[in-house]
Amino acid sequence: MSVEVYKLFIPKDEECIAIIREIRWSDKYICPYCGSKDVVLKGKERYKPYIQRYRCNSCKRHFNDLTGTIFAKRRIPLGEMFYIIKNLKNSSINQISEELGRDYRTVHSFAKEVMKSSEKDNILKKLLETNWR
């Protein structure tokens, strides 16, 4: 199959953020820096308007939906990261990199981080257990 066909199975970044929010903020917003629940909404990210920004009133720090997760500060799209996570058990890294049209090292680096973090990252753990899309 061509790369274009596999693109049909990659979730949109907006869908991924909705899933992350549902898992991460199920009760209330919590500051990833100090653990405070005294958090207010502070607009959206400039170039990714589907990502919500927050401000902690206790420590005065700003953060967003991805801060403190495996998805933060990555250059590959969120949908592709979800695709890698979902297919990691069933496909080789080489196959996934070909399907996405990405360099093997990019996919391998993220997959290695997923495997390393899967036990301690609650969001990642729930994503691996959940049957999304």
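## Overall build

Of the 133 residues of the chain, 41% count as buried. The model is a predicted one. Its secondary structure consists of 6 helices and 3 strands, arranged from the N terminus as α-α-β-β-β-α-α-α-α. The radius of gyration is 16 Å, close to the 14 Å given by the globule rule for 133 residues, so the chain is as compact as a globular protein of that length. The C-alpha trace spans about 50 × 30 × 25 Å along its principal axes.

Among contacts between residues at least 6 apart in sequence, 53% join residues at least 24 apart.

## Surface and charge

The accessible surface of the chain is about 8,400 Å², and carbon and sulfur atoms account for 48% of that area. There are 27 positive and 17 negative side chains in the chain. The centres of these two sets lie 7 Å apart.

## Gln 52 in strand β2

Strand β2 covers residues 52-56 and includes Gln 52. Is Gln 52 buried or exposed? Its relative accessible area is 9%, under the 20% cut-off, so Gln 52 counts as buried.

The side chain of Gln 52 makes a polar contact with the side chain of Lys 44, at 3.3 Å. Lys 44 is also one of the residues that Gln 52 touches when those up to four places away in sequence are not counted.

Ser 36 sits in the loop between α2 (13-24) and β1. With a relative accessibility of 12%, Ser 36 counts as buried because this value is under 20%.

Neighbours within four places in sequence aside, Ser 36 is in contact with Tyr 29, Ile 30, Cys 31, Cys 56 and Ser 58.

Most residues other than glycine have a negative phi. Lys 60 has a positive value, near 65 degrees, and Lys 73 has one of about 55 degrees.

Lys 60 is placed in the loop between β2 and β3 (62-64), while Lys 73 belongs to the loop between β3 and α3. Lys 60 counts as partly exposed at 49% relative accessibility, because exposed requires over 50%. Lys 73 has a relative accessible area of 88% and is exposed.

Lys 48 is in the loop between β1 (39-44) and β2. Its relative accessibility is 41%, so Lys 48 counts as partly exposed. How far apart in space are Lys 48 and Cys 31? They are 21 Å apart, C-alpha to C-alpha, with a separation of 17 residues in sequence.

Lys 86 lies in helix α3, which covers residues 78-87. At 34% relative accessibility, Lys 86 also counts as partly exposed. Lys 86 and Thr 130 are 44 residues apart in sequence, and their C-alpha atoms are 9.6 Å apart in space.

Conventions: Residues numbered from 1 in each chain as written. Predicted model: local features only at pLDDT ≥ 70, side-chain atom pairs only at ≥ 80, totals over all residues. Heavy atoms only, no water. Helix = DSSP H or I, 4+ residues; strand = E, 2+ residues; numbered from the N terminus. Buried < 20%, exposed > 50% of the residue type's maximum accessible area, 1.4 Å probe, protein only. Polar contact = N/O pair within 3.5 Å; in protein donor to acceptor, adjacent residues only side chain to side chain. Contact = heavy atoms within 4.5 Å. Rg over C-alpha atoms; globule rule 2.2 N^0.38 Å. Areas by Shrake-Rupley, 256 points an atom, 1.4 Å probe, with all protein chains shown as cover. Lys, Arg positive; Asp, Glu negative; His and termini not counted. Charge placed at Lys NZ, Arg CZ, Asp CG, Glu CD.
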